[in-house]
Amino acid sequence: MQQIDHTLPWSACGTQRTLSVFRYGNGPRKAYIQAALHADELPGMRVAVALKSRLAELEAQGRLNGVIELVPLANPIGIGQMFQATHQGRFEFNSGKNFNRDFPALTQALVERLEGQLGDNGEANVTIIRRAMLDTLNELPAAQSELDGLRRLLLQHACDADVVLDLHCDFESVMLLYALPQNWPRLRTLAARLGAKAVLLAEDAGGNAFDEACAVPWVKLPEYFAQANIPLACIATTIELRGMADTERDPCQTNAEQILAYLAEQGLISGQWPDAPSDCCQATPFAGAQYAYAEHPGVVSYLQPLGAQVRIGDPLFEVIDPVSDRHSVVRATTDGILYARERLRFAQPGLWLAKVAGSAPIRHGRLLSD
């Protein structure tokens with residue numbers, strides 16, 4: 001195992017923040033796994049603790065067939081952002097920006113750099129494109145903030161990986177994945193192993209989140225170089241490891257083993273591993289997800305459990321104003337699974353309270369919320 005420590009730029013005088021990457025194995029193929037980019041989402045960090053131990057064992061046994069890079073704490077900025085004993089790890093205090101938005105978009109720069117370099121050899125093209133990605137990132141102007149520097153470092157480590165897993169969670173949630181539609185066939189067994197209850201697919205969810213920054217160039221470049229053989233060389237997904245309170249040891253260790261079994265399936269780990277279950281949830285368009293909001297302030301009571309199958313018109317939650325006694329019930333506007341709920345129980349303007357994954361597109365434009 002090799003530990004690689006990067007000092008973030010622009011730390012305040014007298015302070016220093018470090019991003020630590022743990023590299024296991026060697027070989028031409030690579031997987032990249034990071035946790036807690038939203039620093040208050042800790043289940044991924046607990047899974048990473050289990051992965052760290054198991055990867056050390058597998059490396060000592062000589063069972064790693066490629067490189068596996070693990071970043072168990074992907075956000076050294078947000079991990080210390082506490083306000084009155086409440087973790088505020090989703091947005092950077094200095095800028096107000098979401099830590100998982102606005103990663104460098106590489107496609108246009110790659111198109112200019114790759115002109116005349118790609119041919120019929122797919123394997124050679126992958127090597128050329130990955131080198132161009134690293135060169136593009138290395139030649140960007142100097143980082144203007146800690147957050148800017150962090151984004152570049154994470155993408156530099158991930159952009160040459162065959163598999164990219166970004167470990168997150170929601171407030172209260174079932175196990176689910178976000179991915180590009182083009183990657184879903186190769187992610188189905190991962191969803192099955194994890195027991196995912198929902199998979200949401202979008203080629204452009206808006207905001208250029210980390211997984212899209214890694215995967216989208218491989219989808220877009222063939223549109224510019226139609227005569228070249230450009231494989232879909234990066235399987236990238238965001239894994240929502242249930243809810244923020246789901247850090248219990250046994251489920252997290254189980255999830256780590258399920259991830260390792262998937263990497264073995266991809267040829268990165270040798271040995272005997274369980275077959276993926278044959279049953280898997282159906283993937284649905286991210287545009288088909290209902291974000292349900294309250295009509296007025298008040299205390300919230302949920303009327304459906306997480307994972308419930310609901311139909312149009314079914315009640316999701318009720319809101320009661322304790323002063324005026326105003327009462328309202330918010331209902332499903334699509335058939336699907338109730339896959340996430342807000343942890344707060346007092347309705348506020350612009351705050352979604354429930355999410356339902358439906359199969360029919362009902363939203364347009366930017367799909368990700370901040």
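Trainee: In which sense do strand E3 (residues 30-35) and strand E4 (residues 67-71) pair, and over how many bridges?

Mentor: As a general idea, strands of a sheet pair through backbone hydrogen bonds, either parallel or antiparallel. In this structure, which is a predicted model, E3 and E4 pair in the parallel sense over 5 bridges.

Trainee: What is the strand order of the open sheet of 9 strands?

Mentor: The order is E1-E2-E4-E3-E7-E11-E9-E10-E12, and the pairing is mixed. Strand E1 (2-7) and strand E12 (283-285) stand at the edges with a single partner strand each, so one side of each is left without a neighbour in the sheet. Neighbouring strands of this sheet are turned against each other by 20° on average, with direction ignored.

Trainee: Which strands does helix H1 (residues 43-60) touch where it packs on the sheet?

Mentor: Helix H1 touches strand E2 (18-24), E3, E4, strand E7 (163-170) and strand E11 (235-243), and the direction of H1 makes about 40° with that of E2.

Trainee: How do the axes of H2 and H3 cross, and which residues of the two helices meet?

Mentor: The axes of H2 and H3 come within 10 Å and cross at roughly 115°, and this crossing is right-handed. Ala-109, Leu-110, Arg-113 and Leu-114 in H2 meet Ile-128, Ile-129, Ala-132, Met-133, Asp-135 and Thr-136 in H3. By class, this contact of H2 with H3 has 7 nonpolar, 1 polar and 2 charged residues.

Trainee: Is Thr-107 buried or exposed, and which residues is it in contact with beyond its neighbours within four places in sequence?

Mentor: Thr-107 has its place in helix H2 (residues 107-114). Its relative accessible area is 11%, and because buried means under 20%, Thr-107 is buried. Leaving aside neighbours within four places in sequence, Thr-107 is in contact with Val-216, Pro-217, Lys-220, Leu-221 and Tyr-224. Pro-217 and Leu-221 are also among the residues by which H6 makes its contact with H3.

Trainee: How is helix H5 (residues 184-194) oriented against helix H7 (residues 249-265)?

Mentor: H5 and H7 pack at an angle of about 155°, with their axes 9 Å apart, which makes H5 roughly antiparallel to H7. H5 passes H7 in a right-handed crossing. The contact is made by Arg-186, Leu-187, Thr-189, Leu-190, Arg-193 and Leu-194 of H5, together with Asn-255, Gln-258, Ile-259, Ala-261, Tyr-262 and Glu-265 of H7. The residues of this contact divide into 6 nonpolar, 3 polar and 3 charged.

Trainee: What are the order and the pairing of the open sheet that 4 strands form?

Mentor: The order is E17-E16-E14-E19, and the pairing is antiparallel. The edge strands are E17 and strand E19 (346-347), each of which pairs on one side only. Strand E14 (residues 298-302) pairs with strand E16 (residues 315-320) over 4 bridges, with Ser-301 standing opposite Glu-318 in E16. E14 also pairs with E19 over 2 bridges, and there the bridge partner of Gly-298 is Ala-347.

Trainee: Which residue takes a positive phi in the hairpin of E16 and E17?

Mentor: E16 and strand E17 (residues 327-331) pair in the antiparallel sense over 5 bridges, and Pro-315 stands opposite Arg-331 in E17. The hairpin has 6 residues between the strands, and in it Asp-325 takes a positive phi near 70°.

Key: Residues are numbered from 1 along each chain as its sequence is written. This is a predicted model: local features need pLDDT of at least 70, side-chain atom pairs count only at pLDDT 80 or more; totals for chains, interfaces and linings use all residues. Side-chain values use heavy atoms; hydrogens and water are left out. Contact means heavy atoms within 4.5 Å. Two strands pair if DSSP finds at least two bridges between them. Buried means under 20% relative accessible area, exposed over 50%, partly exposed in between (1.4 Å probe, protein chains only). Axes are lines fitted to C-alpha atoms, for helices over the stretch in contact, and angles run from 0 to 180 degrees between N-to-C directions. A crossing is left-handed if the near helix is turned anticlockwise from the far one by less than a right angle, and right-handed if clockwise. Ala, Val, Leu, Ile, Met, Phe, Trp, Tyr, Cys and Pro count as nonpolar, Asp, Glu, Lys and Arg as charged, and the others, Gly among them, as polar. Angles under 35 degrees count as roughly parallel, over 145 as roughly antiparallel, 65 to 115 as roughly perpendicular and the rest as oblique.
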